[in-house]
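Trainee: I'm new to this one. Could you take me through a single part of it, slowly and up close?

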Amino acid sequence: MKLISWNVNGIRAIEKKGFADYVQAQDADVYCIQEIKAMPEQVPESLRTIPGYETWWNSAERKGYSGTGILSRVEPKSVQFGFGNPDFDQEGRTLIMDFDSFVLYNIYFPNGGANDDRLKFKLDFYELFHQHVLDQVRQDRQVVVCGDFNTAHKAIDLARPEPNRKVSGFLPVECAFLDRFVDSGFIDTFREFNQDPEQYTWWDMKSRARDRNVGWRLDYFFINSAMKNRLDKAFIQPEIMGSDHCPVGLDIQTDG
């Protein structure tokens, strides 16, 4: 089963850049999309009716902001929009799908850079998410988590770690959460296959950082440790343009 995650930085913008062609060319089973910046009725018809795929959209209450979507040609057992907590669900950041053999979390995690309140919101969101996935594991469910975490985990995951240690996205408290997340039994799938530096998924557009590959790895696929024997491949697609992020992907066995 092939899954792809991509922060598209606007579903209407990416549609004009050939997103439907990308979906057909990649031939993935599931596409998880973050930062759609649209209400469901504003999603272009060409993306709501891609042959072979059913779509789900979780929009923020605030128009033109945040939001997530999933395109799947595999019928889920159930779909959950958010965590069931109004304080965190109003921004449309979470879609949870039960595929029976695993539970998929598609999440656009908050950015903590605006002010101290938003940093606290981000950290509180992390904690709520963490407890939610741990509850699934305690019920003997297997879990896949993907999306834009808005944090580079380690120094290898951004081009300029030292100047950014006081910047949200690489603050010690944010990196410490990812440490605890991994220590609680979750695997960074990309690093199972690739330990090389200069592997990034986001580049600042204003400074044309992508041209120089001065980037950050903010987008991930994690699985819980019980799924490790089902992991076939994890990858980044920096050659795919259209957003300030690039897609990341995962191949897993449907049975394990």
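Predicted model: local features only at pLDDT ≥ 70, side-chain atom pairs only at ≥ 80, totals over all residues.

Mentor: Let's start with the open sheet, where 6 strands line up in the order S5-S6-S7-S8-S12-S9 with mixed pairing. Its edge strands are S5 (78-81) and S9, each of which pairs on one side only. Going from one strand to the next, the twist averages 20°. Val-79, for instance, has Met-97 in S6 as its bridge partner.

Now for the helices. H5 lies across S5, S6, S7 (103-108), S8, S9 and S12, and runs at about 175° to S7. H6 lies across S8, S9 and S12, at about 30° to S12.

H6 is the part to zoom in on. This helix covers residues 172-183, so to speak 12 residues, and spans 16 Å from its first C-alpha to its last, close to the 16 Å expected. Its buried residues are Glu-174, Cys-175, Phe-177, Leu-178 and Phe-181. They sit on the same side of H6 because they cover an arc of only 150° around the axis. What covers them includes helix H5 (116-138) along with the strands S8 (143-148), S9 (186-188) and S12 (219-224). Just after H6 comes Gly-185, which takes a positive phi of about 115°.

Note on methods:
Residues numbered from 1 in each chain as written. Heavy atoms only, no water. Helix = DSSP H or I, 4+ residues; strand = E, 2+ residues; numbered from the N terminus. Expected span 1.5 Å × (residues − 1). Buried < 20%, exposed > 50% of the residue type's maximum accessible area, 1.4 Å probe, protein only. Arc of directions from axis to C-beta. Contact = heavy atoms within 4.5 Å. Pairing = 2+ DSSP bridges. Axes fitted to C-alpha atoms, helices over the stretch in contact; angles between N-to-C directions.
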